[in-house]
Amino acid sequence: MINLTIDGQQIQVKAGTTVLEAARSAGIKIPTLCYMKEINEIGACRVCVVEANGRMVASCVTPVTEGMEIKTNTPAVREARKTVVELMISDHPMECLTCERNGKCELQTLAENLGIREIPYEGARRDLPKDTSSPSIVRDPNKCILCRKCEAVCAKIQEAHVLGGQNRGFNTIVAPAFSLPLNDVACTMCGQCIHACPVGAIYEKDDTAKVWEALGDPEKHVVVQIAPAVRVAIGEEFGLEPGTLVTGKVYAALRRLGFDKVFDTNFTADLTIVEEGHELIERLNDPDATLPMITSCSPGWIKYIEHFYPELIPHLSTCKSPQQMFGALVKTYYPEKVGIDPARIFSVSIMPCTAKKFEAQRPEMNSSGYQDVDAVLTTRELARMIKEAGIDFVNLPDEEADAPMGIYTGAGTLFGTTGGVMEAAVRTAYEVVTGEQMPDIELKAVRGLTGIKEAEVDFNGKKIKVAVAHGLGNARKLMDLIAKGEADYHFIEIMACPGGCIGGGGQPFPTNDEIRAARARGLYEDDKNKPLRKSHENPAVQELYKEFLKKPLGHKSHELLHTHYTR
Ligand code: HC1
C-alpha cells in the first residue's frame, strides 16, 4: 500500500493507483474530460491537473508514490484548468444554442463549473465538411476536441477499430482511416461513440423532420411502435430517475403528437420468440443444421458479423428483428384487418438504437412491397419532439396501446436488456419441447452486466447450453470460439451495445453501468407485473397466427418475417 496526502487528508491506496482514482476514493472530485476508466487513460486534455509535490501533473495518468503530497485546489491548479478549457473553447465553434448537445455537453458544463465567462484567445477555426454518409450517425469534425474517447470505445469495447487520429498537429481529426466516409468503412452504427463523445462532434442522424411532415399530412395514416428499452429510459429526459417505467405516458405522448395508432415493438418481440423458438427446435432436431444458432435482432451486431465474421453468417437465426417484423406486418396484416390502403401507412419506430435507422433502410426490409419501416427515431429524438410540442410528459395520464399490435407479455419486454431474448426464448422453447410448464421461468444466470454469461437448461433430459454476450468486443470472443470449433453452445444471444438495448446509442445522456442496471431493473419489473409472461401466450400473437400467418415458420412467415443476410 502507498501512503499519500491529498488536500491535507492522509490516505492509503494500492500501488499503481492513479492520483485521480486515489482522490476519488477519498471523496475529492477532480474534473475530467477525456478520461474513461480503463478505456481512455491518455492524459490528452489535461483538465484533471493537480499539484503533486509542487509540480503540475495530469492526475489521470500519474501513479501515486509513497509520501506524495497532492493539492487539487490551489490558485495555480484552478488557473491551469481554466486555461486548458479556454484554449479548447478558443477554436471550438460557438454554436452552443443550436448544438445537438446543448445542455448536455461536458465542455459546456466544465466551462460553467470553472467560472469561465470570456475567452481571452481567438483561436483558428476549422471549416471541415460534416460526414453525413451514414444513415445513422453524423460526424462533425469541427466540434471534435480530440479527447479520443470515441476511438477508445470503438476499439476497446466494440472492437470495431473504425475511428482513429488522422493527420498531424492542428489538422488532426478523429475519423475513419484515410478520412473515408463512415458509410464506407466497417462501422456497425451502434452509436457507442455518441455516448463517449463529451461534445456534439458525433450524433444520430435527425429524422424528426420526416416524422413531423408525415404527422401533418392528412393523407397519411401514421402508426408508431416503441421498442422495449425506450420505456425505462425516456423518463430521464424529463427529470425522472433512470429505470422509471413510463410505458403508459409514452403511449399518451405519442397520441398527443398526432400518431393515428400507437403500437408496441414488444408485440413483435413476442412473435420473434415464437418464430425463433421454433427455428431453434428445428435446428436441434436436424443433425445437419448449423449450431449454435445466434440471435439476429440487433442490427449493429448483424453489421459486425457481416464485416468481421462473414463465414459465420449461417449461424444467424433467419428471423428479422422485432422492429422489422412489425414493419412487415403493419403494412400487410394490419391494413388487411382494418381495411386501409397500405400505401397510406407511414410507419415510425422509436428505438434506443442508432443502427435501427440503418436496418430500416436495408434492401432486405421491403417485404410488404413498401419500405416496411419509414422512419426510425431514437429515444432522444422522441424526447425532443415531445418537448417541442410542449407536452407535459411527467404529468401525462397512463394510457394503453392500441390493439392488436400493442399487446405484449413480460417476455417481450425483456428483449430490451442483455440476456432478455435468451430468457424469453427459453420460456417458450421449454414448453414447446417438453409440453410442460417450466418450474421457474426466471433464468437468473443470464441476467446482469457480466460481459459473457452462460447457462444450461434441462429440457426434460436434453441439456441445452446457452450463452449471452453484449458489447461487440464480447461478441468477438464468442465468435472466435465458434470459428475454432470450441463453442459447444446450442443458442447464443448477442446484442451490440453494452447492457443490450438499454445501453443503445440512441438512449439519453449519460448512459453508464449504474444507469444501465437501473433501466434493466425497470424492465424486469415490467415483466414481473405482466399477467402473461411467455410469448406464446400472447393472445394477439395467437390471433395473428389464426387469422394470417397460420403457423410458425409457415409460408407467410418466411415471406414476411425471415431473411438471409449476406456478406
Ligand atoms: Fe432492441 Fe429489439 S430488443 S433490438 O435492443 O430485438 O433497438 O429495446 O427494439 O427490433 O424488441 C433496439 C430494444 C428492439 C428489435 C426488440
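Why is helix α9 (residues 299-308) largely enclosed by the rest of the structure? In this predicted model, local features need pLDDT of at least 70 and side-chain atom pairs count only at pLDDT 80 or more, whereas totals for chains, interfaces and linings use all residues. Residues are numbered from 1 along each chain as its sequence is written.

Helix α9 is largely enclosed because 7 of its 10 residues are buried, a residue being buried if 20 or more other C-beta atoms, placed from the backbone, lie within 10 Å of its own. These buried residues are Pro-299, Gly-300, Trp-301, Ile-302, Lys-303, Tyr-304 and Ile-305, and they pack against α12 (355-360), α16 (472-483) and β17 (491-495). Helices (H or I, at least four residues) and strands (E, at least two) are DSSP runs, numbered from the N terminus.

The shell around the ligand holds 19 residues, of which Ala-227, Ala-229, Cys-297, Cys-353 and Cys-501 come nearest; a residue is near a molecule if its C-beta atom, placed from the backbone, lies within 6 Å of it. At least two residues of this shell are supplied by each of α8 (265-284) and α10 (322-330). By class, the shell has 11 nonpolar, 7 polar and 1 charged residues.

An automatic or database domain assignment divides the chain into domain 1 (1-122), domain 2 (137-204) and domain 3 (209-560). The contact between domain 1 and domain 2 takes 17 residues from domain 1 and 15 residues from domain 2, with contact meaning that the C-beta atoms of two residues, placed from the backbone, lie within 7 Å.

Key:
Nonpolar A, V, L, I, M, F, W, Y, C, P; charged D, E, K, R; others polar. Buried ≥ 20, exposed ≤ 12 C-beta atoms within 10 Å, placed from the backbone.
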